[in-house]
Amino acid sequence: MTTDLHPFTVAAIQSSPEPTDQTKALDRLADLVRDAASNGAKLVACGETFLPGYPAWIDSCPGALTWDNPETKRVYAEYRRNSVSIFGDGPRPAHDRLKSIAADHGVVLVVGVSERVDAGPGQGSLYNSLLTYDADGRLANHHRKLVPTFTERCVWGHGDQAGLRSVDTAVGKVSALVCWEHWMPLPRQALHAQGETVHVAVWPTVHERHQIASRHYAFEGRTHVIAVGQIQRAGTHLPEEWTRMEGVGDDDLLLSGGSCVIGPNGEYLSGAEPVFDTETIIYAEVDPGRADEESMTLDVTGHYHRAELFEFDVLPSDRPTHE
């Protein structure tokens, strides 16, 4: 259900995940969402695969992806055990807890997870997924990253089009994409065409190129963008064998945040400019009316679309994406 589009507060949680203890990770997230809600946030977003954390070891440790590496297999198995099951007849404790966190605090919650498929099509696979929960706890959308980026393909499978949806929520139309999907023109257009009050762009860390992609999305789509990354320190996210072998200090940052909120003109909102190197929650007030103002000059689903010249559609999918 979409509300009247009045200004509302959004929050980007820039935090360090708990990669080896799912219960502790969910407790931490619940505390952070509670803090955001107590400060007036109506939409709260977390970074790419916040649960159980982005597998930064795939790029941070030379040799980690060599064939039959026993330490890599051990780390992957642990990562798999702490990934999140969404659908199926078996227990789904993380999914159920996420529903409760959103409902208990009355917020729209967008959270990146490593998804584990326990039954049915794709059983045994992991996916880089984005979950959007409405303020009543209902799963509003479940998106799987279309193409894992480079080394990520050793961890996650290819996603599908089912979750390419801009969905009605308590704060309006909410869309979301994962990382390098923001450089794929067709997924962007698919979401623009459905209308967006707010777009959530999740990244491991929002460094300069990711800032450019997020700002471009806001400018192109005439929408507000919450770009959100994580903080990860080597001592928490790399096995001791790798930190010792590579000479990485426990406090060295693997991921450094960069979260921010961007207006529909592509500029940062005041007070929500990128923040690096620290755990924090970034707040901004979003005014949906600004999209109408900016659409005067550019509207890629309206007078800049030229529907009489181009045809574009997303093929249907029967994979469930919501409850």
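**View 1. Arg306, a partly exposed residue in the segment after helix H9****.** Arg306 has a relative accessible area of 39% and is therefore partly exposed (buried means under 20% relative accessible area, exposed over 50%, partly exposed in between, with a 1.4 Å probe and protein chains only). Arg306 is not a glycine, yet its phi is positive, about 55°. The residue belongs to the segment after helix H9 (289-294); helices (H or I, at least four residues) and strands (E, at least two) are DSSP runs, numbered from the N terminus. The model is predicted: local features need pLDDT of at least 70, side-chain atom pairs count only at pLDDT 80 or more, and totals for chains, interfaces and linings use all residues. Residues are numbered from 1 along each chain as its sequence is written, and side-chain values use heavy atoms, with hydrogens and water left out.

**View 2. Backbone features at Pro52 and Asp68****.** The peptide bond from Leu51 to Pro52 is cis, with omega near 0°. Pro52 lies in the loop between strand S2 (41-45) and helix H2 (57-60). Asp68, also not a glycine, has a positive phi of about 65°. Its place is the loop between H2 and helix H3 (70-81).

**View 3. Rings of Trp180, Trp183 and Trp203****.** The structure holds five aromatic pairs (rings of Phe, Tyr and Trp, the last by its six-membered ring, pair if their centres lie within 6.5 Å; planes under 30 degrees apart count as stacked, over 60 as edge-to-face and the rest as tilted). Trp180 and Trp183 have ring centres 5.3 Å apart and planes at 90°, so this pair is edge-to-face. Trp183 and Trp203 are also edge-to-face, because their planes stand at 70°, with centres 5.8 Å apart. This second pair links distant parts of the chain, 20 residues apart: Trp183 is in the loop between strand S7 (172-178) and helix H5 (185-192), and Trp203 in the loop between strand S8 (198-202) and helix H6 (208-221). Trp180 is partly exposed at 44% relative accessibility, as is Trp183 at 37%, whereas Trp203 is buried at 0%.

**View 4. The largest nonpolar core, around Leu43****.** This core has 38 residues, and those with the most contacts inside it include Leu43, Val200 and Trp203 (a nonpolar core is a set of buried Ala, Val, Leu, Ile, Met, Phe, Trp, Tyr and Cys residues joined through side-chain atoms within 4.5 Å). Apart from it lies another core, of 28 residues, with Ile86 and Leu139 among them.
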